[in-house]
Every structure is written in C-alpha cells, then in structure tokens.
Amino acid sequence: MAQLDTRQKLAILADAAKYDASCASSGTSKRDSRGGKGIGSTEGMGICHAYAPDGRCISLLKILLTNSCIFDCHYCINRKSSNVRRARFTVEEVVHLTLAFYKRNYIEGLFLSSGIIRSSNYTMEQLVEVARQLREVHDFRGYIHLKTIPDADSELVRQAGLHADRVSINVELPTERGLTTLAPDKNGARIEGAMRDMKGAIEDGRDARQKYKSAPRFAPAGQSTQMIVGADAASDGDIVTRASQLYDRFGLRRVYYSAFSPIPSPSAVLPLKRPPLMREHRLYQSDWLMRFYGFKPKEVVSAAGEDGMLPLDIDPKLAWALKFRDAFPVDVNRAPREQLLRIPGLGTKAVKRILRSRRWRSLTLDDVARLTVSVSKVRPFIITADWRPTFLTDRSDLKALVAPKEQQLDLFAA
Ligand code: SF4
C-alpha cells in the first residue's frame with residue numbers, strides 16, 4: 001500500500017463510511033466537561049450532523065478504520081475483490097483526529113466502523129482500543145458509536161459497550177437467503193448471537209447501575225442495526241417483519257435502512273439500478289408507525305400491496321387508512337388515544353394537544369385544522385363537534401382527494 005498522509009486517508013475512509021446509516025445519536029446519557037475535567041459532551045439533543053448531497057444525515061467524523069477487507073460481500077465497495085484505493089488509519093491517528101476535530105468544534109462524536117483485516121478479533125481489538133484510548137487516556141466525554149464485528153469474541157464486543165455510547169451489529173440483509181447469496185462469508189446465526197450477547201450485557205449493565213451508582217455505564221444509547229434495502233428480492237413486508245423481530249428479540253433502539261447504492265465494478269448478482277430513495281423513507285415511516293403509533297407489524301404489512309411493497313406515492317399510515325376504511329371516521333372528541341393516532345395527518349404531538357384541549361371543550365374542525373398541516377387530509381377520517389363526513393370514506397376517489405398533490409420540482413431550486 002502506497003504511503004498516504006492523514007488527509008488522503010481521511011478522504012478515502014470518510015467516503016467509504018458514507019454507506020453506513022447511523023444518524024440518530026440522541027438517547028445516550030448526558031456527559032459534559034464542565035469544571036475543566038475531560039473533553040467533550042453529549043449535552044442537548046445529541047450530536048451534530050451533516051447532510052450528504054443525497055440527503056443522508058451523517059455525523060461529521062464518520063470514518064472507517066480501514067476499507068481493506070478479507071470478506072467479499074457483493075454489495076460492498078470495500079469487499080476483497082473490489083478495485084478501490086485502500087487506506088488504513090492507526091489507532092493513534094483516529095484518536096488524534098477525533099480530538100483535533102472536537103477541539104475545533106467540527107464534531108461532537110465519533111462513528112467508527114471498519115473492514116475486516118487479519119481476523120474479526122484483531123479488527124475488533126483495534127476498534128475497542130480507539131474507544132478505550134479516547135475514554136481512558138484522554139477522558140473524552142463526547143459521543144462514540146462503534147460498529148462491532150459480529151464474529152469477534154463476545155468479550156471484545158462487551159468491551160466495546162464499556163466505552164461506546166452505542167454499538168451496532170449489522171444484519172445487512174432482511175432474509176437469510178439474501179445473506180447467503182450476497183454476503184457468503186457472513187453467518188446470520190452468528191450475527192444474531194452477537195446481538196443477543198449485547199442485549200444481555202446491556203441489561204446486566206442497567207441492573208448493575210440500579211444497584212450501584214458507581215457501576216460503569218454500558219452502551220447507554222443501546223444497540224442498533226442496519227439493513228440494506230433493494231440489493232436482494234426482499235419485499236417491504238419482509239423487511240418490516242424482520243425489523244419488528246429484531247426490536248422484540250434484541251431490544252434494539254433503532255433499525256436503520258440503507259437504500260442499496262450501485263457501486264463501481266458491481267458484482268453480477270446485484271441489481272443494476274438503485275431502489276428509489278423514497279422506498280427507504282417509507283420504511284422509516286413504517287418503523288415510526290410501529291414504535292410511536294401503536295401499529296402491529298402485521299398491520300403495517302397489510303398496508304402494502306399484493307407484491308408486499310408499500311406504496312411510494314402515499315405514506316403507510318394513509319395507505320392503511322385507505323385500505324381499512326371501516327376504522328373511520330374517528331370522533332376526535334371521544335376516541336381513545338390509540339384510535340386518534342390512526343388518523344392520517346395527525347402526529348403524536350397533535351394527538352396530545354387534542355386530548356388536552358378536549359378536556360375543556362368540544363373541538364371543531366377549525367380547532368383540528370390548527371393542529372395539522374393539511375386539514376383536507378384529515379377531514380375525511382374524523383368527526384368533530386361541527387363536522388361529520390358523509391359517505392366520504394366510501395368514495396372510490398378518496399385517495400385522489402387526500403394524497404399529496406404531485407408537484408413539478410424547480411430545476412434551479414437550491
Ligand atoms: S465485511 Fe463489511 S467491509 Fe467487509 S466486505 Fe462485508 S460489508 Fe464490506
């Protein structure tokens with residue numbers, strides 16, 4: 001490997017990390033360096049983010065330790081058979097960069113992943129060592145997200161949790177068949193085993209903190225995972241079902257979806273085209289429905305078409321409402337919270353305000369209009385003191401009435 005300076009390595013390894021989804025970093029424990037002790041903080045809403053040109057949210061120091069890899073996952077630009085320029089940071093370089101960027105106020109945390117070099121254990125040791133040095137040598141109190149290597153010893157994965165705020169273990173593909181075809185070196189059972197171990201360690205850490213205040217924090221922002229969307233034939237229904245299993249079984253904080261991006265010199269088994277980014281967005285919306293709106297995975301799947309795909313032109317909550325019209329209209333002055341949350345166009349905040357306001361008086365359509373962006377989307381699905389839709393939910397053109405209107409985008413918009 002030709003000798004590269006730190007700037008060249010950074011260009012290669014920050015670019016290689018853009019395929020990892022990792023943006024939500026809030027939810028960790030608060031730390032700060034007031035009083036002149038340590039460096040960094042996780043105060044406020046978590047860490048700062050930047051937005052990549054394709055709209056992805058990325059944290060500023062988001063890098064790979066190396067983009068060399070002994071594995072050959074077809075969808076990955078860093079796979080062994082790929083013809084990309086390789087680079088590798090030393091542990092000390094990553095530590096130095098993190099501190100230097102932090103002190104210049106460019107970042108509030110580190111997201112560190114890596115290709116696999118020599119062996120899974122060796123790579124994991126290096127990742128852990130970066131986090132250990134930052135925490136123990138430099139008293140770094142900022143946010144650290146480590147991608148773990150599922151094949152590594154469970155003790156190493158546990159050590160990652162001692163230093164990192166969040167650890168993630170990628171399942172990569174929603175089905176075992178997809179994993180076998182596209183990531184032949186990876187093993188679904190081992191990935192799940194690592195997640196199970198991490199879940200156990202997080203729970204033990206939480207119990208220990210409840211008993212002893214001095215017990216070390218263990219991965220306070222929990223564990224997450226990522227699934228690549230559109231690289232194999234899995235439908236949205238398969239993906240939603242898999243995500244809900246992962247939430248249930250391993251207590252994940254987040255499942256990230258990453259639309260497959262065609263890479264230079266792709267493998268012949270990959271699709272030629274990337275899936276629409278809107279597909280990734282609809283999956284995030286369905287994730288939201290399960291986590292905050294009380295939808296069961298089966299209900300989200302039932303909003304999909306016969307091919308198992310969620311519609312791209314309307315959000316999954318509206319798609320569900322259009323399919324299950326007998327659940328509407330909902331009386332905003334009487335219905336329980338769970339039913340209000342089903343109304344398309346009403347978010348959790350709006351529902352909270354409806355519940356609070358209706359204690360004092362009966363709400364009218366104008367009252368609801370003040371709580372939502374588009375009352376025309378909500379109107380067919382609700383009853384208020386002065387409004388009751390007549391046959392509106394039976395209309396065959398209801399979708400056209402409530403779906404967002406298509407707009408011609410301005411070619412020269414910023
Ligand atoms: S193990 Fe990770 S870095 Fe290596 S080829 Fe597979 S996805 Fe890429």
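Guide: One term is needed before we start: buried means under 20% relative accessible area, and exposed means over 50%. Please keep in mind that this is a predicted model.

Visitor: Is E172 buried or exposed?

Guide: E172 sits in the loop between β6 (166–168) and α5 (176–182). The cut-off for buried is under 20% relative accessible area. E172 has a relative accessible area of 8%, so E172 is buried.

Visitor: What is the phi of E172?

Guide: Most residues other than glycine have a negative phi. E172 is not a glycine, yet its phi is positive, at about 70 degrees.

Visitor: Is R118 buried or exposed?

Guide: R118 also has a positive phi without being a glycine, with a value of about 60 degrees. R118 lies in the loop between β4 (109–113) and α3 (120–137). Its relative accessibility is 63%, and the cut-off for exposed is over 50%. R118 therefore counts as exposed.

Visitor: Which residues that line the largest cavity are the closest to its centre?

Guide: The whole structure holds three cavities of 30 Å³ or more, and the largest has about 600 Å³ of space. Its lining is made of 30 residues. The closest to the centre are D20, C76, N170, E172 and K186.

Visitor: How many residues in the lining of the largest cavity are charged?

Guide: Two strands, β7 (223–229) and β8 (254–259), each supply at least two residues of this lining. By class, the lining has 16 nonpolar and nine polar residues, and the charged ones number five.

Visitor: What is the volume of the second largest cavity?

Guide: K186 belongs to the lining of this cavity, together with residues including F71, S120, D185 and I191. By class, the lining has five nonpolar, two polar and three charged residues. The volume of the second largest cavity is about 60 Å³.

Visitor: How far does α3 reach from its first C-alpha to its last?

Guide: α3 has 18 residues. At 1.5 Å a residue, the expected value is 26 Å. The model comes close to that, with a reach of 25 Å.

Visitor: Which elements do the buried residues of α3 pack against?

Guide: An α-helix has 3.6 residues a turn, so residues three or four places apart point the same way. Among the buried residues of α3 are S120, T123, L127, V130 and L134. The buried residues of α3 pack against α2 (91–103), β4, β5 (143–147) and α4 (154–163).

Visitor: The side chain of T384 makes a polar contact with which side chain?

Guide: T384 is found in the loop between β10 (382–383) and α15 (398–402), and it is buried, with a relative accessible area of 6%. Leaving out residues up to four places away in sequence, T384 touches V332, N333, L363, T364, L365 and V368. A polar atom of the T384 side chain lies 3.4 Å from the backbone nitrogen of L365. The side-chain polar contact, at 2.8 Å, is with D386.

Visitor: Which residues does a cis peptide bond join?

Guide: Most peptide bonds are trans. Here the loop between α10 (316–323) and β9 (330–331) contains P329. The cis bond there has an omega of about 0 degrees, and it joins F328 and P329.

How values were computed
Residues numbered from 1 in each chain as written. Predicted model: local features only at pLDDT ≥ 70, side-chain atom pairs only at ≥ 80, totals over all residues. Heavy atoms only, no water. Helix = DSSP H or I, 4+ residues; strand = E, 2+ residues; numbered from the N terminus. Buried < 20%, exposed > 50% of the residue type's maximum accessible area, 1.4 Å probe, protein only. Polar contact = N/O pair within 3.5 Å; in protein donor to acceptor, adjacent residues only side chain to side chain. Contact = heavy atoms within 4.5 Å. 1 Å grid on protein atoms, 1.4 Å probe; cavity = no way out; pocket = protein on both sides within 12 Å on 5 of 7 lines; lining within 4 Å. Points joined across faces, edges and corners; volume = space filled by probe spheres on them. Nonpolar A, V, L, I, M, F, W, Y, C, P; charged D, E, K, R; others polar. Expected span 1.5 Å × (residues − 1).
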